[in-house]
Number of protein chains: 2
Amino acid sequence: MSGYGVENLPYGVFSSGDGVRRIGVRLGDDVLDLSPLGDDLVRQPTLNPLLAAGRTQWTALRDRVTEAVRRDEVTRVPLREVTLHLPFEVADYTDFYSSEHHATNVGHILRPDQPGLRPNWRHLPIGYHGRAGTVVVSGTPIARPHGQLGPGEFGPSRRLDIEAEVGFVVGVPGARLGTGDFADHVFGVVLVNDWSARDIQAWEYQPLGPFLGKSFATSVSPWVVPLAALPTVAAPHQDPVPLDYLRPAGSGFDLRLAVDWNGTRVSEPPFAQMYWTPAQQLAHLTVNGASVRTGDLYASGTVSGPARGQSGSFLELTWNGTEPVKLDDGSTRGFLADGDTVTITGTAPGRDGDPIALGEVVGTVVG
Amino acid sequence: MSGYGVENLPYGVFSSGDGVRRIGVRLGDDVLDLSPLGDDLVRQPTLNPLLAAGRTQWTALRDRVTEAVRRDEVTRVPLREVTLHLPFEVADYTDFYSSEHHATNVGHILRPDQPGLRPNWRHLPIGYHGRAGTVVVSGTPIARPHGQLGPGEFGPSRRLDIEAEVGFVVGVPGARLGTGDFADHVFGVVLVNDWSARDIQAWEYQPLGPFLGKSFATSVSPWVVPLAALPTVAAPHQDPVPLDYLRPAGSGFDLRLAVDWNGTRVSEPPFAQMYWTPAQQLAHLTVNGASVRTGDLYASGTVSGPARGQSGSFLELTWNGTEPVKLDDGSTRGFLADGDTVTITGTAPGRDGDPIALGEVVGTVVG
């Protein structure tokens, strides 16, 4: 019961001895090589052509793979023998800010003299554009960013943090999409670690938002779990009632994230509690006429629940470093130290009792 | 004396009868078809392979084209017979905020209770990431964006604006670049109109910066003027002295922009007065370890001089609509009306008296 059973079948890009990138599907601890199974859509070095092909083709391929697995007519390669690559070419990368608990916590920490949530937060899914060119696959080492930490002050970030998020991978282009268009345009889900240098960010972010505090690296899991594999849940109650273009809200997803810091489980952020749904985020992203493209990645924003042990960032977990956490080796941490490894994993409840695992996203900080 | 003489020779992508996209160079009112002249680098549907080839190749090709023009060994196609396309595939789009006059004006207009410039502004080139997928070539109609204008309020933007900017096109990838690396990595210059819906922006931008107020469209000129064609000027005095990674400042460029609103010249923004240089912007963009890629576009930010008639935005020109401008047809404007056309042009002084023209960027608002 690895979480990668026949109900999951996430897509990725792998290479083995010959270095050629191929599309594969994870099953247990193996990778299924799709090239004997499929057509031109899957004989590719990235998922982009499959993403662009649309829902009918996504369904047909998933059915074909499922059938081949059931008949055991697949070519398996052990996961330990392959290299996993960034599964798709990222077009635009957008990051939302849709956890009420996260936004409230950050507000309290960074702007203690003001209410946690700003007046606009319950009216629209706040978001911003990030850097697509520095989205990297899980396992890529994360070099500690240098930058301005304050007036006349320069050096390596001393408040390097994570943000545990869920990312949505756009397949079919579109503009002015309604919330009901979500499943026709979004192919699937990755886990995201939006590494953040809080000191760089705090000094630079007024008035145009985060820039170098985020742009150095964003890690994504190597496996894109198709929407078809994920059970949905009711969206959260929203007050005030959103404007028409954000209705109906669409579904939430019962994804249960976990954050391990050097092997110590420090947090379990609950995605089901996110205030804005991914369907609303997509509708908002395109309501002004902006188009989305194949390979666009939009992330949920840091997933944090109401409890401290449900924090999706260390900023919240350690309350800006003032309440360090103790790791299993006896050491304590406020923010990330050089050599630290963070692993974000996630599962959704499966229909047959076997959970659906989201591919993990791992990164080690190098100084 | 068109501004497109042999000292200029900007690159673009055109098609004529057969619809095939080809790389061309503008000379006077003609397009030179480069395919007979060059190698694989110029037999392409975009400039990206040429951008990636690096400075030695850029120089060699420019020399070859110059020589061919002098010998009149070129294939000319009249400009009126071709369609011009987006000249390069935009990788990441970044926008700075490097005019002191613009930043001060916007501060005074939007935050009248605070100083115009924020404390960080003179320490670092403030910037943010924009949407690469909605960068369009000059001439593309601009659909008025819809969106949230305030709590519970939705509709077409009523404060649609322009931002006249200069964009820098990255050729050679890199990270942690110094200011001295500028001319090895940046290929050339386009004019940019970063269309902005001020009402959408004002409601959404706290705390993560501009998003839907900008993401619907950014227009660029169809001609990329190589750095080699542009005379440099001394960079402006900077106080406080910037941190080491922003020194030496590198050069400024004496580009003189002009904004025509339905044919009436309303503004002449002076690029030479920009506070941060493009070399400093590139160094800042990469100091944290972030990489730039071939096709990255980074824009200067709105170019505004100290006088009202040097405003690069209508927000400033009409002081947020409170002091409308009168156009030659007798009508007045605060912000853009449906059907309005904005044309941004620019020139640099040429060595031989003939100015170097930057390709114009035109857009008409459709309701």
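A salt bridge is a side-chain nitrogen of Lys or Arg within 4 Å of a carboxyl oxygen of Asp or Glu. Two salt bridges are counted between chain B and chain A. The model shown in these views is predicted.

**View 1. Chain B meets chain A.** The contact draws 53 residues from chain B and 53 residues from chain A. Together the two chains bury about 5,000 Å², and carbon and sulfur atoms give 59% of that area. R131(B), L208(B) and F211(B) supply 16% of the area that chain B buries against chain A, more than any other three residues.

**View 2. A salt bridge links D296(A) and R131(B).** The closest N and O atoms of this pair are 2.7 Å apart. R131(B) is also one of the three residues named for their share of the area that chain B buries against chain A.

**View 3. Chain A is assigned two domains.** Domain 1 covers 11-85 and domain 2 covers 101-366. Taken over C-alpha atoms, the centres of these domains of chain A are 27 Å apart. Their contact takes 18 residues from domain 1 and 18 residues from domain 2. About 1,500 Å² is buried between the two domains of chain A, 72% of it on carbon and sulfur atoms. Y11(A), L51(A) and W58(A) supply 39% of the area that domain 1 buries against domain 2, more than any other three residues.

**View 4. R55(A) pairs with D184(A) in a salt bridge.** The closest N and O atoms here are 3.0 Å apart. The count between domain 1 and domain 2 of chain A is one salt bridge.

**View 5. Helix α2 of chain A runs through residues 55-70.** At 1.5 Å a residue, its 16 residues should span 22 Å; the end C-alpha atoms are 22 Å apart, so the two values agree. Which residues of α2(A) are buried? They are W58(A), L61(A), R62(A), V65(A), T66(A), A68(A) and V69(A). These residues cover an arc of only 165° around the axis, which puts them on the same side of α2(A). An α-helix has 3.6 residues a turn, so residues three or four places apart point the same way. On the other side of α2(A), T56(A) and R70(A) are exposed. Just after the helix, D72(A) takes a positive phi of about 60°.

**View 6. Y11(B) sits in strand β1 of chain B.** The strand spans residues 11-15. Is Y11(B) buried or exposed? Y11(B) counts as buried because its relative accessibility is 3%, and buried means under 20%. Y11(B) and G359(B) are 348 residues apart in sequence, but their C-alpha atoms are 9.9 Å apart in space.

Notes. Residues numbered from 1 in each chain as written. Chains lettered and ligands numbered in written order. Predicted model: local features only at pLDDT ≥ 70, side-chain atom pairs only at ≥ 80, totals over all residues. Heavy atoms only, no water. Helix = DSSP H or I, 4+ residues; strand = E, 2+ residues; numbered from the N terminus. Expected span 1.5 Å × (residues − 1). Buried < 20%, exposed > 50% of the residue type's maximum accessible area, 1.4 Å probe, protein only. Arc of directions from axis to C-beta. Domains from an automatic or database assignment. Contact = heavy atoms within 4.5 Å. Buried area = accessible area lost by both parts, 1.4 Å probe.
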